[in-house]
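Here is my note on this model, point by point. Please keep the structure open while you read.

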Amino acid sequence: MQLYTLDNQLLLDIPVDDSSVRFKEVMGDNNLTLKFSLPDYIDFPIGTYCDFKAERYTLFSPDNFIKQHSEHYDYTLILDAWAAYMKFVKFKFFTVERNPGEPDKMVGAPKLKFSLTATPEDFVRLMADCMNFSGVTGWTVGECIESDPVTIDFNHDYCYGVLQKIADAFNTEWEVVDKTINIRKVERMDDNGNRISFPMSYGYDNGILPGITRKQFDDSKVINRVWIQGGERNINRGTYGNDTLLMPKDSAFEYEGLQYITDETGCYVEAAGRTGSLSEDSLDTSKVYPKRVGTVTAVIVVNDAEGLYDFTDTSIPDTLDFSKMVIPGETMTVIFQTGQLAGMEFEVKYIHSQRKFKIVPNTDNGLTYPQGTIIPGAGDKYGVFHMSLPQEYIDSAELESRDEAVKYLYENSQPKYTYQWQLDGIYAKEQWGTIGGFLTPGYFVEFSDPQFLPAPVDIRITSVKEYVNKPKSPTIEISNNVTGKWLGDALNEIPTQEQGLDRKDKNTVNIVKRTWRSVMELVDNIYDPSGSFQEDILSAVALRTMILALGDPLLQYIFMDAAWQNQVEPAIVYDSDSKQLQCPASNIRHNTIGIDTVQPGRAETAYMHWTVAAYDSPVLSDDPGQFYYLYMRVSKTYTTDANGIMAGTGVYFISPVKVDFDSDPDNYILLVAFINSEDNGDRQVTYQFGFAELTPGMLRINNIASTDGNSYLKLLANQFKLGDGNNSMDYNVTEANTLSLTNAVVRNALKVAGSAIIAGFKFYNDRIESVKTVSIGSDTYPALKIIGNDLQAIIELRTVVTKWTENNGTANVLQTIRIDSSTGEISSFTSDGDTCTFTSQGVLANRAGTDALSATTGVSLKAAMVGLGFGKMDKSAWDNNWGVVGVYGDANNSSANPAPAYGGWFNVLKANGLCLSSKLIQENETTVVLKNTDCFVSCYNTSSLQLYLPEKPYNGQFIRVKIVNQNVNIISDYNGNGLKINAGQYGIISSIGISDAITCDFVYDGNRWIFTRLD
């Protein structure tokens, strides 16, 4: 065993005692105990690690040793998988700022005591953040079940303990693989969702040695009735008749092939026709309640500084007006279930005509939510609460509550046992290639015993203790604490698309990559399964022949789809990370067994078929220099289905030695592939079945590949790839049934035949249209359209919007935003004639349709143009000069004979508060000429003042003059404009002298200034 220091330096390479073991269990320990003796004392520092069966084990606690004497030390090292490191890191609540290309940043002070409402994925994401901020990075979110958010309380917990809290809250399990955290059942399934199991029982050649131990799994009792306590959310006692959710009343239904009933109150479930003494239990189903999970369509930033955000959900049905469904005495809230705000609850106001929620911000620990990067996003899921929802939502919740109750009853209606036994080493050695990969927690054993369990039952492996020096004699514990299935919508486990693509490319390169070393290893170990060939190797400088046929008659079989109709490409792969060969469940048709004549159009029923179970090989890390053969052991017996298909069963297995086709009297042994020894940590897989044919002018073959595996042509799978991982062209590899290019240069022209879809857009030779469409009535339009030709260049964006109508209703109309190079216009218009146009000459809007005031004001005011001058300008920072405005207008006419120039024109002006421009005349001023922008004039002069009215007044112009101290002579004739003042009883004059403190108005009527004295 090789031990390394934290900086990857070899510390020790030593054989370990036979008592050294690895122990793995479901939701428990995964550790490696090494026992050995040394003649000298060695200090093994924290962080010392070793690799065993493709897993990393690290020393997190000081080593134990016994000093027998100065030259004899007995050591016991307990090294753990990475999950144990979680015992040293606290679970904390904080927010994370994530920016592409930058390290994640912790925002605010973390909390150690808190409650959090979230989904399993959100809990795990927070846990991964805690681990990554601990100084050991690489922690990621793995597979998590989908579930509604639940609330969990935390108080200075360690991350390792929180794993169980989360699993208990969602009635599931946890698993940490390397540094990937998963919240889901630890059950190994094949690609079709079936349990992967293998038969095993007590007795000769059945695999189990004497000494089987059965013990009760736990202290739980066997029950036959379950009461529930449902959720309180969105329950209106006045209309529902109960303050918590019930199940459907007095109903009968089936689960897992058994009949069940609910009582007349909807409070409990039991088996139909229950007999025997009553044994009750109860289940908390408070996380189930009537709800509608919506999806955010768009987010509107009202004011980020104050945390004001709105969001819309255009999928809300017309009949679901949340504003009319609030339970009396309660306040409507939303809880986000995904996204940056996952688990957070906010009060909201809802506007049904716009399908819009207006969020009331929360303040916590000095932080405002939503704000900054912790905000809602399009695609986020949310639920609305304190609602009395329509009956269909209540019915759905009652069924979900019933499903949880019957699942719990089913899982606890039988005694729970664990069985512990040791695998027969002789049997294991013979069958290791078949069963070795399944002897790990999460796989199932088809277990039976002639006395106490005669009928085979799939029971899950819950723990395995394997000896380092005797890996083929493990002690295995299995438990019948198996889980049932959901009714209705299942809780799906989600692999990411990126993981799927990586796996697909890894499979392909693993199959097609080839080196001369690998070729020679195969040549040295190839053999003749049927005895049809001369085994001497023919070496020649040149080979001249009319035909080259490759393949063995006994290996002429193909992989088919589940319907036995089409040939498919097998997906057998060696995983260099887990060091295992992985074979999916397969359907096989043999083309030569039982076929001895040439017959055109032979029926499918004439061939032999087999269904072969999925298979994971043992970990192949012990002997990297060993090559293997992959075989299928398929039955000679078969059954005939309703379509006449003769089908037997089979299993995969590997062997380091050749196995003859007819070595098993009950089965055929079919060679599948040759697995090369390790080369740079990887093994290459070379298929041995099928045939290839080379004739003059023709090559018939399924696969062609470059030696590095980067470029290949897979004819059967309709795939090809040219280039490496950074620059390539492929079809049906990166994306199904799609040609993918990395970097391309088009010379001269790129044309399409009719139309072609590229990256979500439909390309024509004269225009581009989005695949996404919008519909109104019976008409459908592309959401985006770009027209470009010799005559015009236009961009159009279309959507369906909701507008108000004159009868205080709403209507849906098609809205188009158009950019037109020929007219120089940017315009927005609706299908019923509303238009807003923007050009270099100005802006025109012909309909008042924008809400000018917040809905919280209770006032509905529609405007064609709205200016909201919101800001936060400190007066002192701007030299006490002016401020913030919502709309600003100015005009200037530089003509020698100018027409009037108005900064704004309003036919009827509604002013909620009026501020006029004021001019203050100082004490020492003696002559002042007023401008057209002066409205209110205060005269503080202490000597006579000549005050000239504007030279070129506008019709209707108003000026008010307040005389405070001394004489003011107000003059209308300036620069010879000849204007007069109509002073009433004083006549038509060019000036008027005022000697006392009065207020007077001047209004220009287009001909003269009209004077009015106000005292």
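Which side chains meet in a salt bridge at 2.9 Å, N to O? They belong to arginine 125 and glutamate 121.

This is a predicted model: local features need pLDDT of at least 70, side-chain atom pairs count only at pLDDT 80 or more, and totals for chains, interfaces and linings use all residues. Residues are numbered from 1 along each chain as its sequence is written, and side-chain values use heavy atoms, with hydrogens and water left out.

1. Start with that pair. A salt bridge here is a side-chain nitrogen of Lys or Arg within 4 Å of a carboxyl oxygen of Asp or Glu. Arginine 125 and glutamate 121 are four residues apart in helix α1, so about one helical turn separates them. Helices (H or I, at least four residues) and strands (E, at least two) are DSSP runs, numbered from the N terminus. Arginine 125 is partly exposed at 32% relative accessibility. Glutamate 121 is partly exposed at 34%. The cut-offs are these: buried is under 20% relative accessible area, exposed is over 50%, and partly exposed is in between (1.4 Å probe, protein chains only).

2. Next, a pair that involves helix α1 and a loop. Arginine 98 forms a salt bridge with aspartate 129, with the closest N and O atoms 2.6 Å apart. Arginine 98 sits in the loop between β9 (93–97) and β10 (105–111), and aspartate 129 in helix α1 (residues 120–132), so the bridge ties together parts that are 31 residues apart in sequence. Arginine 98 is partly exposed at 35%. Aspartate 129 is buried at 9%.

3. Now go further along the chain. Aspartate 832 and lysine 803 meet in a salt bridge of 2.8 Å, N to O. Aspartate 832 is in the loop between β64 (825–830) and β65 (835–839), while lysine 803 is in strand β62 (residues 793–804), so this pair ties together parts 29 residues apart in sequence. Aspartate 832 is partly exposed at 43% relative accessibility. Lysine 803 is buried at 14%.

4. The structure holds 42 salt bridges. Some are linked: Arg22, Lys24, Lys53, Glu55 and Glu466 form a network. Side chains of opposite charge can pair when their charged atoms come close.

5. Look at the surface next. Ile786, Ile795, Leu797, Ile817, Ile819, Ile826, Phe838, Val843 and Met865 form a nonpolar patch, with about 750 Å² of accessible area together. Patches are made of residues with over 30% relative accessible area and no salt bridge; like charges are joined within 9 Å, and nonpolar side chains (Val, Leu, Ile, Met, Phe, Trp, Tyr) within 5 Å. Accessible areas come from the Shrake-Rupley method with a 1.4 Å probe, and for residues only the protein chains shown count as cover. Strands β62 and β63 (810–820) each supply at least two residues of the patch. Isoleucine 817 is in strand β63. Isoleucine 817 is partly exposed at 34%.

6. The largest nonpolar core has 61 residues, and Trp421, Leu630 and Tyr652 have the most contacts inside it. Strand β47 (residues 667–675) gives the largest share, eight residues. A nonpolar core is a set of buried Ala, Val, Leu, Ile, Met, Phe, Trp, Tyr and Cys residues joined through side-chain atoms within 4.5 Å. A second, separate core of 39 residues includes Tyr85, Val89, Val96 and Val150.

7. Aspartate 616 lies in strand β43 (residues 615–616). Aspartate 616 is buried at 16% relative accessible area. Its side chain joins that of tyrosine 443 in a polar contact of 2.5 Å. A polar contact is a pair of N or O atoms within 3.5 Å; within protein, one must be able to donate a hydrogen and the other to accept it, and residues adjacent in sequence count only if both atoms are side-chain atoms.

8. Finally, inspect the backbone. Most residues other than glycine have a negative phi, and most peptide bonds are trans. Methionine 27 has phi near 50°, a positive value, and is in the loop between β3 (21–25) and β4 (30–38). Asparagine 171 has phi near 55°, also positive, and lies in the loop between α2 (159–169) and β14 (174–177). The peptide bond from tyrosine 369 to proline 370 is cis, with omega near -5°.
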